[in-house]
Structure formats: structure tokens, C-alpha cells
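This report describes one protein chain, from its overall layout down to single residues. The sequence and the structure come first.

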Amino acid sequence: MGKFVFSNAYFAMDNSTGSVYDASSFVKSLTVNYSKSEVDKTCMLDEGIGRLSGLYDWSMDVEFAQDFADNTLDEVVFNAMNSTLTSLTFSFRPTTAVVGATNPTYRGEGWIFAYTPMTGGVGDLGAASISIRGVAASSAANASWLKRAIS
């Protein structure tokens with residue numbers, strides 16, 4: 001059984017201008033959720049609950065070590081959250097190593113819906129967090145809008 005120590009995840013965000021911000025060195029933790037809805041199709045004469053597979057969804061929560069320096073984490077995230085772009089592209093993978101069979105890359109379109117720019121107590125490392133939620137693709141051709149690739 002394959003196992004690894006989560007110690008150098010890759011996390012980046014980019015927008016339609018082609019600007020990519022690699023925030024990997026600030027990441028303390030990240031959680032990626034990928035799901036699809038469960039649609040109840042039960043009718044009166046059914047003997048049990050009937051279900052259909054519904055729409056896909058993805059979200060991500062990321063905790064960072066905060067940095068308020070010019071053109072770094074706080075400024076980039078704050079501006080991204082307040083952007084008027086249609087969405088942002090987020091890229092993440094288990095390690096910063098080259099993409100491959102044991103290090104898949106995930107890319108998804110989404111918005112930053114929550115940003116906590118600072119948290120901590122006396123003597124703690126200053127932290128920040130964001131909550132990202134996926135946005136639906138604009139056409140049926142792009143229905144799988146969280147992409148997983150190994151090359």
C-alpha cells in the first residue's frame with residue numbers, strides 16, 4: 001500500500017491574464033473535497049429509496065503562514081478575491097515534484113468565497129486561510145470541470 005508524508009504540496013492560482021502565483025511555500029494545510037449530489041427519485045409504489053447521481057462539486061480549504069510583504073500572499077489573495085474575472089484557476093498536487101503517475105495534478109475553476117487574513121494568538125505563527133468553491137463549466141463539453149492529469 002502506497003503511503004507518503006504530506007510535506008511539500010504544490011498550490012498555485014492563476015487568472016485569465018496568465019499571471020500564476022505559486023503559494024506552495026506558504027501552505028500549512030489543504031483539504032480538497034470532490035463530490036456529486038445524491039438525487040432522490042423515490043416514488044409512492046417503490047419498496048425502497050431510489051437514487052440518481054447528480055451534479056459534481058468541488059471545494060478546497062487552504063491554511064497559510066501569512067505574509068504581508070508587497071506582492072506576496074496577502075496582497076495576491078485579497079486582490080484575487082475582489083477580482084471581477086469570471087473565475088480563477090487553481091492547481092494543486094501532492095508534491096512540488098514533476099507531474100506523473102504518482103504525483104497527479106488537479107486543476108479546477110473556482111472562486112475564493114472566504115478569506116481570513118489573520119488569525120493566531122500571542123506567540124503563534126501568523127496564519128491566514130481561504131475557502132475556494134468550484135464554479136460550473138459553461139458548456140456540457142466541459143462537464144468535468146475539476147481535471148486530474150498525470151502528464
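## Fold and basis

The protein chain holds one helix and eight strands (DSSP runs numbered from the N terminus, H or I of at least four residues for helices and E of at least two for strands). In sequence order the pattern reads β-β-β-β-α-β-β-β-β.

The model is predicted: local features require pLDDT of at least 70 and side-chain atom pairs pLDDT 80 or more, while totals for chains, interfaces and linings use all residues. Side-chain values rest on heavy atoms, without hydrogens and water, and residue numbers run from 1 along each chain as its sequence is written.

## Chain-level values

Along the principal axes, the C-alpha atoms fill a box of roughly 65 × 40 × 35 Å. The chain has 151 residues, and 34% of them are buried (under 20% relative accessible area; exposed is over 50%, and partly exposed lies in between, with a 1.4 Å probe and protein chains only). Its accessible surface is about 9,600 Å², with 56% belonging to carbon and sulfur atoms; the areas come from the Shrake-Rupley method with a 1.4 Å probe, and for residues only the protein chains shown count as cover.

Contacts (heavy atoms within 4.5 Å) between residues at least 6 apart in sequence join residues at least 24 apart in 60% of cases. The chain carries 10 positive and 15 negative charges, whose mean positions are 11 Å apart. Lys and Arg count as positive and Asp and Glu as negative, without His and the chain ends; each charge is placed at NZ of Lys, CZ of Arg, CG of Asp or CD of Glu.

## Nonpolar core

In soluble globular proteins, nonpolar side chains tend to be buried together. Here the largest nonpolar core has 24 residues, and Phe-11, Trp-58, Phe-64, Phe-90, Ile-112, Ile-130 and Ile-132 touch the most other members. Such a core is a set of buried Ala, Val, Leu, Ile, Met, Phe, Trp, Tyr and Cys residues joined through side-chain atoms within 4.5 Å. At least two residues of this core come from each of strand 1 (10-14), strand 4 (51-65), helix 1 (73-81), strand 5 (88-93), strand 6 (105-119) and strand 7 (127-134). Strand 4 contributes the most, four residues.

Beyond residues up to four places away in sequence, Ile-112 touches Met-13, Val-77, Ala-80, Met-81, Leu-88, Phe-90, Ile-130, Ser-131 and Ile-132.

## Tyr-115

Tyr-115 is in strand 6 and counts as buried because its relative accessibility is 14%. Its side chain makes polar contacts with the side chains of Gln-66 (3.1 Å) and Asp-74 (2.5 Å). A polar contact is a pair of N or O atoms within 3.5 Å; within protein, one must be able to donate a hydrogen and the other to accept it, and residues adjacent in sequence count only if both atoms are side-chain atoms.

Apart from neighbours within four places in sequence, the contacts of Tyr-115 include Val-77, Phe-78, Met-81 and Ile-130. Tyr-115 and Ser-129 are 14 residues apart in sequence, with 5.8 Å between their C-alpha atoms.

## Two loop residues

Ser-24 sits in the loop between strand 2 (20-22) and strand 3 (27-40). It counts as buried because its relative accessibility is 13%. The Ser-24 side chain makes a polar contact with the side chain of Asp-22 at 2.6 Å. Outside the four places on either side in sequence, Ser-24 is in contact with Ala-9, Tyr-10, Phe-11 and Thr-96.

Asn-71 lies in the loop between strand 4 and helix 1, and its relative accessible area of 52% makes Asn-71 exposed. Most residues other than glycine have a negative phi. Phi of Asn-71 is positive, near 65°.
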